[in-house]
Amino acid sequence: MRPIKGGTLIPLYGLDSGKVWVDDFLLDEFAVTNEQYLDFVKKYPEWKRANAKSIFADGNYLSEWQSDLQLGSHMNPKAPITNVSWFAAKAYCACQDKRLPSVDEWELAARASETKANAENDSSFNTRIIESYETPNTYSKTVGSTYKNFWGIYDMHGLVWEWTSDFNSVLISGESRQDGEADRNLFCAGAAISASNLRDYAAFMRYAFRGSIKANYNIKNLGFRCAKSK
């Protein structure tokens, strides 16, 4: 794990609260890999594909594996684990005496380029992030194959999307639109107007993706890494 120095962060949404403070924390240098997750299910059989309950993982859970204890023949053991739900990722981190990072922690660490702790206003950095999101099949690459950022963390962008502990805490789902207390500024054009940085297209993509998923979803390009309070 690598230490991340905390600081202030202006979330893409939530202007009413302005800046938020993020404490110092530790973050995994690499995303959790296929082989690491295989070791996990061997030790904790309740998370084998055949044993996982549907309430915690939908039918796509580990769908690329040949069997409960065997990766798919086409899978790179050192590529990031994907097709794992939020519940499974949370359980993995807990068994390592760690936890999933919060959205604010993830965003603070991910705004670092190779040379800057905060490259939010670096147009070339943001363009590179967007281009990496458009590159297909990056989930099959070995962890560490993209850049190492200012904090010594690899692949915050360019490999897979990553679970956070509170992934659904900002954008409300379509099922909530009939809720009388729902903030409808968080939908469509209203969401863009209420954002803190209208030029950060990559962040829009991340927040939109997080707002579109549920905790039991298992997605081919969604993995995770763990964090720990310092």
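This is a predicted model: local features need pLDDT of at least 70, side-chain atom pairs count only at pLDDT 80 or more; totals for chains, interfaces and linings use all residues.
Trainee: Why is the disulfide of C93 and C226 called left-handed?

Mentor: The torsion about the S-S bond is about -85 degrees, so it is left-handed. C93 sits in helix 2, and C226 lies in the loop between strand 6 (222-223) and strand 7.

Trainee: What keeps C95 from counting as bonded to C93?

Mentor: Distance. The sulfur of C95 is 9.4 Å from the closest cysteine sulfur, the one in C93. A disulfide needs sulfur atoms within 2.5 Å, so C95 is too far for a bond.

Trainee: Is C95 buried, exposed or in between, and why?

Mentor: C95 has a relative accessible area of 34%. Buried means under 20% and exposed means over 50%, so C95 is called partly exposed.

Trainee: What makes N83 stand out?

Mentor: N83 has a positive phi of about 55 degrees, yet it is not a glycine. Most residues other than glycine have a negative phi. N83 belongs to the loop between helix 1 (34-43) and helix 2 (86-95).

Trainee: Why is N83 called buried?

Mentor: Its relative accessible area is 4%. The limit is under 20%, so N83 is buried.

Trainee: What about D155?

Mentor: D155 is not a glycine either, and its phi is positive, about 65 degrees. The loop between helix 4 (123-133) and strand 5 (161-162) holds it. D155 has 0% relative accessibility, so by the under 20% limit it counts as buried.

Trainee: How do you know that strand 1 and strand 4 pair?

Mentor: Three bridges join strand 1 to strand 4 (residues 25-27). Pairing needs at least two, so they pair. The two run antiparallel. P3 stands opposite L26 in strand 4.

Trainee: Why are strand 1 and strand 7 called edges?

Mentor: The open sheet has three strands in the order 1-4-7. Strand 1 (2-4) and strand 7 (227-229) each have a single partner strand, so one side of each is left without a neighbour in the sheet. Neighbouring strands are turned by 30 degrees against each other on average, direction ignored.

Trainee: Which helix lies across strand 1, strand 4 and strand 7?

Mentor: Helix 3 (residues 103-110), running at about 70 degrees to strand 4.

Technical notes: Residues are numbered from 1 along each chain as its sequence is written. Side-chain values use heavy atoms; hydrogens and water are left out. Helices (H or I, at least four residues) and strands (E, at least two) are DSSP runs, numbered from the N terminus. Axes are lines fitted to C-alpha atoms, for helices over the stretch in contact, and angles run from 0 to 180 degrees between N-to-C directions. Contact means heavy atoms within 4.5 Å. Buried means under 20% relative accessible area, exposed over 50%, partly exposed in between (1.4 Å probe, protein chains only).
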